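Please keep the sequence and the structure in view while reading.

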Amino acid sequence: MNTEFNSYRDSEVVAYWIDLCLREGEMRHYERGDYFFREGEVARYLGYIKSGTLKYITFGDDGTEHVMGLEFTGGFVTDFPFSLRGLKARTSVVAASPCDILCIPTAEISDRIALDPKMNEIMAASTEAVFGMVYDRYKALYSLTPQQRYNDLISRHPDIFSLFPLRDIASFLKITPTHLSRLRKNI
């Protein structure tokens with residue numbers, strides 16, 4: 001079993017983007033609650049998370065926040081591949097804790113991709129890696145029980161409760177905070 005929480009990071013092509021951010025990225029600081037990008041806008045940056053945590057979110061019709069993904073120190077954050085095509089984000093990313101992120105403007109990367117077929121191949125392969133992770137999570141929502149999803153989450157990131165509030169973890173697992181508390185007691 002893959003022990004990496006965000007399995008896309010196991011892909012060699014994603015390592016390319018992280019290395020690029022480490023070499024060329026400009027450090028930007030985000031306070032808790034600051035948006036890295038917002039749904040409905042083109043994301044301006046892609047970045048390597050030097051420190052901190054972020055969450056991918058969307059809002060229901062009633063305004064309820066739903067957590068779709070979690071990112072950690074050492075992770076890669078962007079609206080992949082949409083921002084590189086100049087398309088509006090379908091989710092938002094907000095800092096769950098203070099973050100320092102090495103950022104590269106997506107417009108700059110888009111220009112490079114247009115001129116370099118190798119970068120276009122890297123983008124396509126990276127998109128496949130991210131899609132695979134998202135599809136696996138979607139499949140798990142239908143095929144695993146909440147207890148199994150919780151166990152998988154804890155096995156991949158045992159310290160998750162020290163990084164994110166219980167309500168965010170519950171939202172990510174698609175259960176209520178009360179249900180999550182019960183699952184935690186079962187372990």
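**Aromatic pairs**

The structure holds 10 aromatic pairs, where rings of Phe, Tyr and Trp (its six-membered ring) pair if their centres lie within 6.5 Å, with planes under 30 degrees apart counted as stacked, over 60 as edge-to-face and the rest as tilted. In tryptophan 17 and phenylalanine 80 the ring centres are 5.7 Å apart and the planes stand at 70°, so this pair is edge-to-face. Because tryptophan 17 belongs to helix α1 (residues 12-24) and phenylalanine 80 to the loop between β6 (76-77) and β7 (92-95), the pair ties together parts that are 63 residues apart in sequence.

Both tryptophan 17 and phenylalanine 80 are buried (under 20% relative accessible area, with a 1.4 Å probe and protein chains only). Ring pairs also link Tyr16, Trp17, Phe76 and Phe80 into a cluster.

**Basis of the model**

This is a predicted model, in which local features need pLDDT of at least 70 and side-chain atom pairs count only at pLDDT 80 or more, while totals for chains, interfaces and linings use all residues. Residues are numbered from 1 along each chain as its sequence is written, and side-chain values use heavy atoms, leaving out hydrogens and water.

**Helices α4 and α7**

Helix α4 (residues 146-156) and helix α7 (residues 177-185) have axes that come within 10 Å and cross at roughly 70°, which means that α4 is roughly perpendicular to α7 (65 to 115 degrees). Helices here are DSSP runs (H or I, at least four residues) and strands likewise (E, at least two), numbered from the N terminus, and axes are lines fitted to C-alpha atoms, for helices over the stretch in contact, with angles running from 0 to 180 degrees between N-to-C directions.

Pro146, Gln147 and Tyr150 in α4 meet His179, Leu180, Leu183 and Arg184 in α7, contact being heavy atoms within 4.5 Å.

Technical notes:
Parallel < 35°, antiparallel > 145°, perpendicular 65-115°, else oblique. Buried < 20%, exposed > 50% of the residue type's maximum accessible area, 1.4 Å probe, protein only.
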